Amino acid sequence: MTPGDSAAASHDGRNPDATAPHGAASDAVAPHGDVSARLEPMRRRHVRACAELEQVLFARDSPWPPAAFHSELDLGGHYLVAVDGSVRDGDEHVLGYAGLAIMGKRGDYETSLHTIAVRPEHQGTGLGKALLRAVLAKADELAAPVLLEVRTDNDSAIGLYEQHGFQRLGVRKGYYQPSGADAYTMRRDAITGERREDGH
Ligand SMILES: CC(C)(COP(=O)(O)OP(=O)(O)OC[C@H]1O[C@@H](n2cnc3c(N)ncnc32)[C@H](O)[C@@H]1OP(=O)(O)O)[C@@H](O)C(=O)NCCC(=O)NCCS
């Protein structure tokens, strides 16, 4: 998750001219917690709840307003929400979400994990892992590498990314605003057909 300049700007340096396939429905997940959740494509009706969760989780680092989510959906990113089927204050209750921006064209895709978040009371239950794996499956389908930025002090996110094949590329000083926190840039190489056959 990275800061953006305006509502419609990404938290990241994504290419606004990118052409990208739309995300497909994802599978049910069974986190370790006592809530049963399923993953599904993010829809406009989920945006308000996602933006509210942003305010809770990224208060110091330019939380995305609803317009930023709408912009990402307009661009055709692979965005998923974890839901439990309940409704709160008229909105479908969102337990977490993740979004992969897709740049480039067939045969030469590149992706960027623009956001991943789990409601505080559901963190540590396996939901973050389920969301990450679901968006990585999309990158693998496209044989695309995945890039991301993460605060250097975000041990849980870094642990999750390293567990899924991401490696640190470098540090971006003062990347997050207004906090001024540094970011690691991380990359997960594309999983090609050959590597899949090798079982890697
Ligand atoms: C990062 C985040 C999405 C992870 O989701 P989660 O549901 O809490 O994570 P999970 O329960 O699926 O745990 C997955 C992995 O995260 C890592 N992890 C979780 N907590 C950790 C901690 N305190 N220290 C190190 N690694 C940790 C582990 O690798 C864990 O795998 P394991 O259970 O096999 O050990 C969640 O903590 C979150 O929303 N944080 C706030 C928002 C945020 O920082 N997003 C990332 C922006 S780059």
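The model is predicted.

**The ligand shell**

In total, 20 residues surround the ligand, and the closest are Gln123, Gly128, Lys129, Ser156 and Gly159. Two or more residues of the shell come from each of strand E5 (108-118), helix H3 (127-141) and helix H4 (155-163). Sorted by class, the shell holds nine nonpolar residues, nine polar residues and two charged residues.

E5 pairs with two strands, E4 (residues 91-105) and E6 (residues 146-151). The table sets out the two pairings.

| Strand pair | Sense | Bridges |
|---|---|---|
| E4 and E5 | antiparallel | ten bridges |
| E5 and E6 | parallel | two bridges |

Single bridges can be named on both sides. Ser112 in E5 is the bridge partner of Ala101, and Val146 in E6 is the bridge partner of Thr111.

**How the chain connects the strands**

The links between the strands can be described in turn. E4 and E5 form a hairpin, with two residues between the strands. In the turn of this hairpin, Gly107 has a positive phi of about 90°. From E5, the chain crosses through H3 to E6, and this β-α-β crossover is right-handed.

Technical notes:
Residues are numbered from 1 along each chain as its sequence is written. This is a predicted model: local features need pLDDT of at least 70, side-chain atom pairs count only at pLDDT 80 or more; totals for chains, interfaces and linings use all residues. A residue is near a molecule or strand if its C-beta atom, placed from the backbone, lies within 6 Å of it. Helices (H or I, at least four residues) and strands (E, at least two) are DSSP runs, numbered from the N terminus. Ala, Val, Leu, Ile, Met, Phe, Trp, Tyr, Cys and Pro count as nonpolar, Asp, Glu, Lys and Arg as charged, and the others, Gly among them, as polar. Two strands pair if DSSP finds at least two bridges between them. A crossover is right-handed if, with the strands pointing away from the viewer, the path from the first strand over the helix to the second runs clockwise.
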